[in-house]
Amino acid sequence: MLAKNWYPIIDKEKCMQCYQCVNFCPHDVYEVGQDGYPNVKNPDNCVEFCRGCQKICPNEAIKYFGEER
């Protein structure tokens, strides 16, 4: 299910610019921004509760808007 209130947020202080999230996501959520960091270009493409990119991020730099705390 595609989500309107669920998408990744990159913590640029933690991000190592490895692009594992960009390369992993089959839903075209990410792009590499002009600043060299992954950007969320298609947040509506994110699959609710997938967390695939968060799981492969080696530096825990991905959280989600809409995540219950």
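Tutor: Let us begin with a definition: a salt bridge is counted where a side-chain nitrogen of Lys or Arg lies within 4 Å of a carboxyl oxygen of Asp or Glu. The structure is a predicted model, in which local features need pLDDT of at least 70 and side-chain atom pairs count only at pLDDT 80 or more, while totals for chains, interfaces and linings use all residues. Residues are numbered from 1 along each chain as its sequence is written, and side-chain values use heavy atoms, with hydrogens and water left out.

Student: How many salt bridges does the structure hold?

Tutor: The structure holds two salt bridges. In one of them the side chains of Asp35 and Lys12 meet, with 2.7 Å from N to O. This pair links distant parts of the chain, 23 residues apart, since Asp35 sits in the loop between β2 (30-32) and β3 (38-40) and Lys12 in the loop between β1 (7-10) and α1 (20-24). In another, Asp28 and Lys41 bring their side chains together at 3.2 Å, N to O. Here too distant parts of the chain are linked, 13 residues apart: Asp28 belongs to the loop between α1 and β2, and Lys41 to the loop between β3 and α2 (52-56).

Student: Are Asp35 and Lys41 buried or exposed?

Tutor: The general idea is that buried means under 20% relative accessible area, exposed means over 50%, and partly exposed covers what is in between, using a 1.4 Å probe and protein chains only. Asp35 counts as partly exposed at 40%, and Lys41 is partly exposed at 35%.

Student: Which pattern does the protein follow along the sequence?

Tutor: Helices (H or I, at least four residues) and strands (E, at least two) are read as DSSP runs and numbered from the N terminus. The protein has two helices and four strands, and along the sequence they follow the pattern β-α-β-β-α-β.

Student: What radius of gyration does the protein have?

Tutor: The radius of gyration is taken over C-alpha atoms, and the globule rule is 2.2 Å times the number of residues to the power 0.38. With 69 residues, a compact globule would come out near 11 Å, and the protein has 11 Å, which agrees. Along the principal axes, the C-alpha atoms fill a box of roughly 30 × 25 × 15 Å.

Student: Which residues have the most contacts inside the largest nonpolar core?

Tutor: A nonpolar core is a set of buried Ala, Val, Leu, Ile, Met, Phe, Trp, Tyr and Cys residues joined through side-chain atoms within 4.5 Å. The largest such core has 14 residues, and those with the most contacts inside it are Cys21, Tyr30, Cys53, Ile62 and Tyr64. The elements that give two or more residues to this core are α1 and β4 (62-65). Contact in general means heavy atoms within 4.5 Å; leaving out residues up to four places away in sequence, Ile62 touches several residues, among them Pro8, Ile9, Cys21, Tyr30 and Cys53. Of the 69 residues of the protein, 32% count as buried.

Student: Where does Tyr19 lie, and what is its phi?

Tutor: Tyr19 lies in the loop between β1 and α1, and its phi is near 65 degrees, a positive value in a residue other than glycine. Arg51, placed in the loop between β3 and α2, also has a positive phi near 65 degrees, again in a residue other than glycine. Tyr19 is partly exposed at 26%, and Arg51 is partly exposed at 24%.
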